Amino acid sequence: MESNIMGLSAPFTLKPTYLTTKTHKSNFLTSISQTKPFNFKQESNKPRNDVAFDESAFESERLSLDAKARISMVETSKRETEDDPKAWKWRFRKRIWDLMEARNIAQNPRPVHHRIPNFVGASIAAKNLGELEEFRIAGCVKVNPDSPQKQVRFRTLSGGKKLLTPQPRLRTGFFSVLESGMLSPSTINEACTSVGVAKYGRPIGLDEKIKVDLIVIGSVAVDPMTGARLGKGEGFAELEYGMLQYLGAIGDSTPIVTSVSLVVHDCQLVDDIPVEKLLIHDVPVDIICTPTQVIFTNAMIPKPKGIYWDKLSPEKLGQIQILRELKNRIEQETGQKLACGPSEKLPPTAQRTRR
């Protein structure tokens with residue numbers, strides 16, 4: 001297992017600071033509109049739709065869902081690769097999670113196991129992302145709801161951009177849209193949290209017309225040479241990507257960025273994710289932002305082409321109402337029943353404590 005992860009004693013460095021490969025920056029900048037100056041509306045300091053929002057009930061439900069462990073990761077990671085083509089990923093994840101905790105690189109919420117891990121320097125990584133031309137000219141940015149990307153969400157809103165954020169695990173809804181006009185200076189920080197997104201965001205459905213210029217996702221491990229990434233194992237980034245394709249919100253040219261921890265050691269940067277073992281729905285990244293560098297990957301891995309229903313288990317489908325709605329809609333439109341994937345035991349979710 002030791003050989004699966006690079007054990008570096010110095011930052012992972014391909015070239016100083018800003019790195020480029022065959023995937024040229026100019027490919028990312030096509031058809032992205034200029035953003036407007038940030039303009040808070042003082043009077044728009046109310047929850048969405050002026051409906052009373054039960055913050056404590058929402059947070060209680062979210063934490064309850066987050067805390068339900070379905071199986072132990074030890075059992076998952078011990079499965080033979082012949083029986084489970086995803087078992088090798090858990091060995092990568094566990095090594096990274098263990099390393100971040102052991103070296104105290106991890107930040108709250110802890111422990112970071114079964115999460116997109118928060119890390120020391122996450123705000124600096126967000127600052128580096130904010131200085132990219134790809135981010136500067138993006139009008140709409142899709143950002144995952146995890147803790148290490150909170151500053152990315154803040155920079156998106158404070159930059160006058162439209163923020164698209166999925167509801168956690170897609171179980172309480174679909175995506176929510178937030179814009180600067182919905183917020184005041186006193187509510188912007190709250191709006192960057194899961195509670196704030198639900199409180200101030202505008203929920204959207206499958207008929208929404210929206211164009212996403214930049215996607216920011218979290219990672220547990222990522223290969224800077226190939227753009228191959230591993231998330232926390234629940235597959236929501238891939239499902240969200242597929243649904244955005246269905247909405248016509250993204251295309252293959254939409255750049256995908258991931259924020260990764262790099263403090264003393266590049267503990268989340270690896271060099272040997274086996275590309276040949278990646279699944280058809282795995283989403284590669286184009287740009288990696290760390291606290292010390294920005295890497296433009298060689299991302300030759302094909303991006304997914306929508307949702308692969310034959311890979312989606314009945315258990316996963318049963319968890320996510322919006323997926324069931326989308327499946328029913330497609331079946332009604334085509335007159336054909338979509339295939340369903342094999343049954344599965346779902347991975348564990350996180351346990352929350354504070355240190």
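**Labels and their cut-offs**

Guide: Arg229 counts as buried, because its relative accessibility is 5% and buried means under 20% relative accessible area, exposed over 50%, partly exposed in between (1.4 Å probe, protein chains only). This is a predicted model, in which local features need pLDDT of at least 70 and side-chain atom pairs count only at pLDDT 80 or more, while totals for chains, interfaces and linings use all residues. Residues are numbered from 1 along each chain as its sequence is written, and side-chain values use heavy atoms, with hydrogens and water left out.

Visitor: What makes the contact of Arg229 with Glu238 a salt bridge?
Guide: The closest N and O atoms are 3.4 Å apart. A salt bridge is a side-chain nitrogen of Lys or Arg within 4 Å of a carboxyl oxygen of Asp or Glu, so the pair qualifies.

Visitor: Is Glu238 buried or exposed?
Guide: Glu238 has a relative accessible area of 13%, and is therefore buried.

Visitor: Why are Lys94 and Asp98 called partly exposed?
Guide: Lys94 has 29% relative accessibility and Asp98 has 30%, so both values fall between the two cut-offs. Their side chains meet in a salt bridge, 2.7 Å from N to O.

Visitor: How do you know that Lys94 and Asp98 are about one helical turn apart?
Guide: They are four residues apart in helix H3 (residues 87-102), which means a separation of about one helical turn. Helices (H or I, at least four residues) and strands (E, at least two) are DSSP runs, numbered from the N terminus.

Visitor: Which helix holds Glu133 and Arg136?
Guide: Both lie in helix H5 (residues 133-136), three residues apart. Glu133, at 30%, and Arg136, at 39%, are partly exposed.

Visitor: How many salt bridges does the structure hold?
Guide: There are 16. A network of salt bridges links Asp146, Lys232 and Glu234.

Visitor: What lines the second largest cavity?
Guide: The lining consists of Ile215, Ile217, Ala237, Tyr241 and Val283. Strand E6 (214-218) and helix H9 (236-247) each supply at least two of its residues. A cavity is a set of points on a 1 Å grid over the protein atoms alone where a 1.4 Å probe fits but cannot get out; lining residues have an atom within 4 Å of a point.

Visitor: What makes this lining five nonpolar, no polar and no charged?
Guide: Ala, Val, Leu, Ile, Met, Phe, Trp, Tyr, Cys and Pro count as nonpolar, Asp, Glu, Lys and Arg as charged, and the others, Gly among them, as polar. The five lining residues therefore count as nonpolar.

Methods
On a 1 Å grid over the protein atoms alone, a cavity is a set of points where a 1.4 Å probe fits but cannot get out, and a pocket is an open set with protein on both sides within 12 Å along at least five of seven lines; lining residues have an atom within 4 Å of a point.
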